[in-house]
Structure formats: C-alpha cells, structure tokens
Amino acid sequence: TAPVAAYYPNKFELYNMSGNVSEMLNVEGIVKGGGWIDTKEFMRIDNKQSYDGKPKPYIGFRYFVDIIEK
C-alpha cells in the first residue's frame with residue numbers, strides 16, 4: 001500500500017482513490033475499486049467484486065467524517 005497523500009489529489013482533492021487497495025462497502029461481501037494486485041478493469045466504479053470477509057493485503061476501507069461547525 002502507499003502512504004496517504006503519496007500521489008496527487010483528484011479534482012475533488014481526494015487522494016489515492018484507485019490503485020492502492022480495493023475498498024469494502026457498507027454492503028457485506030462487496031468491495032469496489034482496484035488495488036495493486038488487480039488489472040485495470042477492476043478500477044471501474046461500476047465493477048463490484050465479492051469478498052469473503054477474511055483479511056487480505058489488497059482490501060481495505062476508507063472512512064469519512066462529517067465535520068459539524070456551530
């Protein structure tokens with residue numbers, strides 16, 4: 001895997017959105033996005049892959065935080 005901000009951000013200022021690891025979804029058993037082990041076809045956002053729930057070096061997760069300002 002690559003460290004955060006290892007590459008240039010996209011137009012939404014998000015880093016490493018594809019090509020690092022596939023990411024687990026909030027739907028059990030499904031991952032999206034390609035990782036370092038996959039071919040370019042897996043990079044497509046409409047591509048879904050099944051996942052057995054066991055740890056893998058090429059599957060991770062991304063978390064988001066809502067910042068609420070008063």
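Mentor: Before the sheet, a definition: two strands count as paired if DSSP finds at least two bridges between them. Keep in mind that this is a predicted model.

Trainee: Fine. How many helices and strands are in the chain?

Mentor: Zero helices and four strands. From the N terminus the elements read β-β-β-β.

Trainee: In what order do the four strands form the sheet?

Mentor: The order is β3-β2-β1-β4, in an open sheet with mixed pairing.

Trainee: Which strands stand at the edges?

Mentor: β3 (48-50) and β4 (59-60). Each has a single partner strand, so one side of each has no neighbour in the sheet.

Trainee: And in which sense do β1 and β4 pair?

Mentor: Parallel, over two bridges; β1 covers residues 22-24. Within that pair, S22 stands opposite I59 of β4.

Trainee: What holds paired strands together in general?

Mentor: Strands of a sheet pair through backbone hydrogen bonds, in a parallel or an antiparallel sense.

Trainee: Switching to burial. What share of the residues counts as buried?

Mentor: 20% of the 70 residues. The chain exposes about 6,200 Å², and carbon and sulfur atoms supply 57% of that area.

Trainee: What does the C-alpha trace span?

Mentor: About 40 × 25 × 20 Å along the principal axes of the chain.

Trainee: What about contacts between residues 24 or more positions apart?

Mentor: They make up 25% of the contacts with a separation of 6 or more.

Trainee: Last one, charges. How far apart are the mean positions of the positive and negative ones?

Mentor: 3 Å, with 9 positive and 9 negative charges in the chain.

Technical notes
Residues are numbered from 1 along each chain as its sequence is written. This is a predicted model: local features need pLDDT of at least 70, side-chain atom pairs count only at pLDDT 80 or more; totals for chains, interfaces and linings use all residues. Side-chain values use heavy atoms; hydrogens and water are left out. Buried means under 20% relative accessible area, exposed over 50%, partly exposed in between (1.4 Å probe, protein chains only). Contact means heavy atoms within 4.5 Å. Accessible areas come from the Shrake-Rupley method with a 1.4 Å probe; for residues, only the protein chains shown count as cover. Lys and Arg count as positive and Asp and Glu as negative; His and the chain ends are not counted. The place of a charge is taken as NZ of Lys, CZ of Arg, CG of Asp or CD of Glu.
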